[in-house]
Amino acid sequence: MAAAPIVHLDFEKPLEELQRQIDRLRQLASERQLDVEREIAPLERKLAELKREIYANLTPMQRVLVARHPRRPYTLDYIDRAFSDFVELKGDRLYRDDPAIVGGWARLDGRPVMVIGHQKGRDTKENLRRNFGMPHPEGYRKALRLMHLAERFRAPVITLIDTPGAYPGLGAEERGQAEAIARNLEHMAALRTPIVAAVIGEGGSGGALALGLADRVLMMENAIYSVISPEGCAAILWKDAGQKERAAEALKLTARDLYSLGVVDEIVREPLGGAHSDPEGAARALGEALKGALKSLEGIAPEELIKLRAEKYLRMGRYIES
Amino acid sequence: MAWFRKERRPRTSARERLEIPPDAWDKCDDCGHVDLREKFERNFQVCPQCGYHRRIAARRYVELLTDPGSFVELFGNLRSTDPLGFEGYRERIETAYRQVGTHEAMLAGYGTLTGVELNLGVMDFAFMGGSMGSVVGEKVARLARRSLERRVPLVIVSASGGARMQEGVLSLMQMAKTSVMMAQLKENGVPFISILTNPTTGGVSASYALQGDVILAEPGAVIGFAGPRVIKQTIGQDLPEGFQTAEFLLEHGMVDAVVPRPQLAYTTAALIRLMLGLPPAGAGD
């Protein structure tokens, strides 16, 4: 992962303090060649305990901040760690390459797959290039092109979802943002190969779903998935973006919420302290979960797969018939 | 004392002076043109002067797009619940039921147009901004299924700000749900005509509204993914004149035709007959 400044969220401050004490002790010990492991061990136990406690009691808005954490692993970090043989494929063959979405052939556990995901930038420069992970229509069109490529060679599609949303700008609208998303949904519904989606960070509305219509949907423990950002929701409903905590609560956007609403099939446990505290561990967990999901779809004929996929989405929603 | 005296005559009351009662007049919301209400009415609320399309109720589209007396409402008993326990949602729904109607944000049913059977769904912007929650999604899915089973064309008139926030991610999933059905219609060659009216944005534009075999739009309708306000906020400047209008989308290749409301029925009927391989209306059928 590219170097990023160590950032601590407000609720992580106690961890930061403890970590600093441990580090200082270690440094002191090495300078004076002292053995302080016995002193450090309880501090580290305390640190782990504190992490567990903090992460077990995150509010929905704190969860949103973890999902947006600047050191959280992104799509390419997971591809690096959980996949092999990645060959990136670029361009929609219509207009340009959109760096906010990456994709290409890769192997998962030796098996060829097409992996596609939103890609955020690690620093300002990369973020400008990748538009903070907010795709233009050409990004979605590239994604669809790669899905059809996978379909032709009977490879499963794996998508990693991590976007604040589809980009709301002039060019994006001009080139048909809505059409691009609508087309992806329609074609994913009929794709004759397995699709497994994993929400790894921010699942921002239609811009996320455009890669998310799948046979199995996984969600990382601290990821979020929502129809609108808490800030946007608060601004519309209460004319005050400052009410984002209230909106985050109301929107039911955490992995556990989505699981109980039947929208995601499986929650992927993150390492203690969130994926950003241990990207390796997070990638291992995600890789295992993806393998399991692919295995569960093995041997299902394409027609059956499409039928099951349709039935799954047709069940979604809550209403009553009076 | 004045050397002349004004002749005092009782004033005629305003009512007597006007031959036409004041409520017979109507004024265009856009250009300010004043004309007989009846003329607006006959023109389907399109200004006779400037062509501005005033919003009309879902029922009016039903009258417009089906033969008289042929429409039968379907799935009118579907009701929104409050799956997330979202604060204020129940009250808003109750108010909308009272003020707009129990058809929710979509009036669905079947009927005939120039004698050809069709399934028709009309979104109602007056019901919570035409937002798509579970009920709208289910109605679209059921209408599409009915079209599939009976091989009858589907026509949907959209007017929506997008997915309904108060049903959270379940609203988002209605985009997937409706797309699944539209994919099946395409697979089976059942015509789907999508008519876009002002406004069609967000989750509705990014799903079935832009998945039509043929996509028509009313003049001046705002159509896009993000609403104009959000875009303005993002780019920090005013939007170009006419941005995201039906005409703009036509120019950019996103819709097939911009059709004035008075011609919608004719165009829709012609398309349906062409796509089903039927003779023109009135040609001996």
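1. Basis. This is a predicted model, in which local features need pLDDT of at least 70 and side-chain atom pairs count only at pLDDT 80 or more, while totals for chains, interfaces and linings use all residues. Residues are numbered from 1 along each chain as its sequence is written, chains are lettered from A and ligands numbered from 1 in the order in which they are written, and side-chain values use heavy atoms, with hydrogens and water left out.

2. Chain B overall. Chain B has ten helices and ten strands; helices (H or I, at least four residues) and strands (E, at least two) are DSSP runs, numbered from the N terminus. Along the principal axes, its C-alpha atoms fill a box of roughly 95 × 55 × 40 Å. Of its 285 residues, 54% count as buried. Here buried means under 20% relative accessible area, exposed means over 50%, and partly exposed lies in between (1.4 Å probe, protein chains only). Among contacts in chain B with a separation of 6 or more, 67% come from residues 24 or more positions apart, a contact being heavy atoms within 4.5 Å.

3. Domains of chain B. The domain assignment gives domain 1 (23–53) and domain 2 (55–276) of chain B; such bounds come from an automatic or database domain assignment. The contact between them takes six residues from domain 1 of chain B and nine residues from domain 2 of chain B. Taken over C-alpha atoms, the centres of the two domains are 25 Å apart. The two domains bury about 710 Å² between them, 59% of it on carbon and sulfur atoms. Buried area is the accessible area (1.4 Å probe) that two parts lose on being put together, summed over both.

4. One salt bridge is counted between domain 1 and domain 2 of chain B, where a salt bridge is a side-chain nitrogen of Lys or Arg within 4 Å of a carboxyl oxygen of Asp or Glu. In chain B, the side chains of Arg60(B) and Glu41(B) form a salt bridge, at 2.9 Å from N to O.

5. Interface of the chains. In the contact between the chains, 49 residues of chain A meet 54 residues of chain B. About 4,500 Å² is buried between chain A and chain B, 72% of it on carbon and sulfur atoms. Three salt bridges cross this interface; Glu321(A) forms a salt bridge with Arg142(B), with the closest N and O atoms 3.1 Å apart. The count of residue pairs in polar contact between the chains is 15, both residues at pLDDT 80 or more. On the side of chain A that touches chain B, the largest share, eight residues, comes from H8(A). That side divides into 30 nonpolar, nine polar and ten charged residues. Ala, Val, Leu, Ile, Met, Phe, Trp, Tyr, Cys and Pro count as nonpolar, Asp, Glu, Lys and Arg as charged, and the others, Gly among them, as polar.

6. Salt bridges in chain A. Over all chains, the whole structure has 46 salt bridges. One of them pairs Glu303(A) with Arg192(A), with the closest N and O atoms 3.0 Å apart. Glu303(A) is in helix H14 (residues 302–314) and Arg192(A) in the loop between helix H8 (177–189) and strand S5 (195–204) of chain A, 111 residues apart. Glu303(A) is partly exposed at 48% relative accessible area, and Arg192(A) is partly exposed at 41%. Lys291(A) and Glu288(A) also form a salt bridge, at 3.0 Å between the closest N and O atoms; both lie in helix H13 (residues 279–296) of chain A, three residues apart, about one turn of the helix.

7. A buried pair in chain B. Arg261(B) and Glu218(B) form a salt bridge with the closest N and O atoms 2.9 Å apart, and both residues are buried.

8. A histidine in chain A. His118(A) is in strand S3 (residues 111–118) of chain A. Is His118(A) buried or exposed? At 0% relative accessibility, His118(A) counts as buried. A polar atom of its side chain lies 2.9 Å from the backbone oxygen of Gly207(A).

Note on methods:
Polar contact = N/O pair within 3.5 Å; in protein donor to acceptor, adjacent residues only side chain to side chain.
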